[in-house]
Amino acid sequence: MTDAAPAPAASAPVVEQTGPVAPRRRRPGPGWFIAGGVVLALAAGALVAIPLGGWDTVELETAAVPELPAGDIYEGRHYSVRLDEAWVGDVMPDEYDVPEEGMTFVVVRAMLRNEWREPDAAGTRLLSFAALEELPNVDRRADIRVASDGVYSGVLPPGVDMEVLMFWEVPVGSVRAGEPIAFGVTDGRPDEAVLYSGTAWRDEHTAVQTTLVPRPSGELEYPWER
């Protein structure tokens with residue numbers, strides 16, 4: 001006699017779907033969050049750019065340096081400055097003032113006032129202009145002569161209006177008499193120095209610029225020789 005085969009297991013009842021099947025919802029992956037962040041950033045930038053005329057306009061507005069007319073004073077935190085006139089060339093009032101070979105002079109008459117509470121030598125690096133970019137950093141300092149007596153003075157006292165002549169030597173052809181030169185005025189904020197005793201100037205930037213049209217250096221007269 002053989003054993004009877006086991007009865008088949010009862011299958012689960014089949015439920016017929018009478019309506020549309022709801023699709024399964026997928027959780028957003030990391031890529032979705034990244035894409036969403038990019039879209040939000042672009043949208044925020046567009047809100048700024050569109051009223052100002054587009055992306056190019058935003059860059060130009062950010063990079064713009066205010067123009068200070070010749071003869072007006074910029075009242076800075078480090079130095080207050082007034083630029084009056086300029087000369088270009090290798091013919092100077094004193095025959096002993098001769099530029100190096102391949103170089104020519106740029107001279108600016110200015111008023112400088114050291115606004116810091118201590119004597120300060122940063123006036124030699126106070127101004128910048130395009131022709132200086134062709135020089136090594138160490139050669140971009142100006143020689144400063146006090147207009148009243150012609151004495152060279154790299155260190156200026158605090159709180160005194162100093163009428164000065166500022167001298168640079170730049171490559172021949174980088175400047176010309178009659179062609180405008182935009183002089184940038186550097187400013188910053190005082191902070192305690194870390195590597196030495198004293199004050200360091202942070203966040204230095206071109207605060208304003210004054211455009212002067214230089215005359216030939218042969219027209220320059222030294223004030224102390226009049």
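Predicted model: local features only at pLDDT ≥ 70, side-chain atom pairs only at ≥ 80, totals over all residues.

Modeller: Residues are numbered from 1 along each chain as its sequence is written, and side-chain values use heavy atoms, with hydrogens and water left out.

Colleague: Which pattern does the protein chain follow along the sequence?

Modeller: Helices (H or I, at least four residues) and strands (E, at least two) are DSSP runs, numbered from the N terminus. The protein chain has two helices and nine strands. Read along the sequence, the pattern is α-α-β-β-β-β-β-β-β-β-β.

Colleague: What share of the residues in the protein chain is buried?

Modeller: A residue is called buried under 20% relative accessible area, exposed over 50%, and partly exposed in between, with a 1.4 Å probe and protein chains only. Of the 226 residues in the protein chain, the buried share is 34%.

Colleague: Among contacts between residues at least 6 apart in sequence, what percentage joins residues at least 24 apart?

Modeller: A contact means heavy atoms within 4.5 Å. Among the contacts in the protein chain between residues at least 6 apart, the part joining residues at least 24 apart is 70%.

Colleague: How many salt bridges are there?

Modeller: A salt bridge is a side-chain nitrogen of Lys or Arg within 4 Å of a carboxyl oxygen of Asp or Glu. By this rule the count is twelve.

Colleague: Which strands does the salt bridge between R113 and D161 tie together?

Modeller: The side chains of these two residues, R113 and D161, meet at 2.8 Å, N to O. R113 lies within residues 103-114 and D161 within residues 161-171, so the pair ties together parts 48 residues apart in sequence, namely strands β3 and β6.

Colleague: Which strands hold R202 and D191?

Modeller: The side chains of R202 and D191 form a salt bridge at 3.4 Å, N to O. The pair ties together parts eleven residues apart in sequence, because R202 lies in residues 199-212 and D191 in residues 181-192, which are strands β8 and β7.
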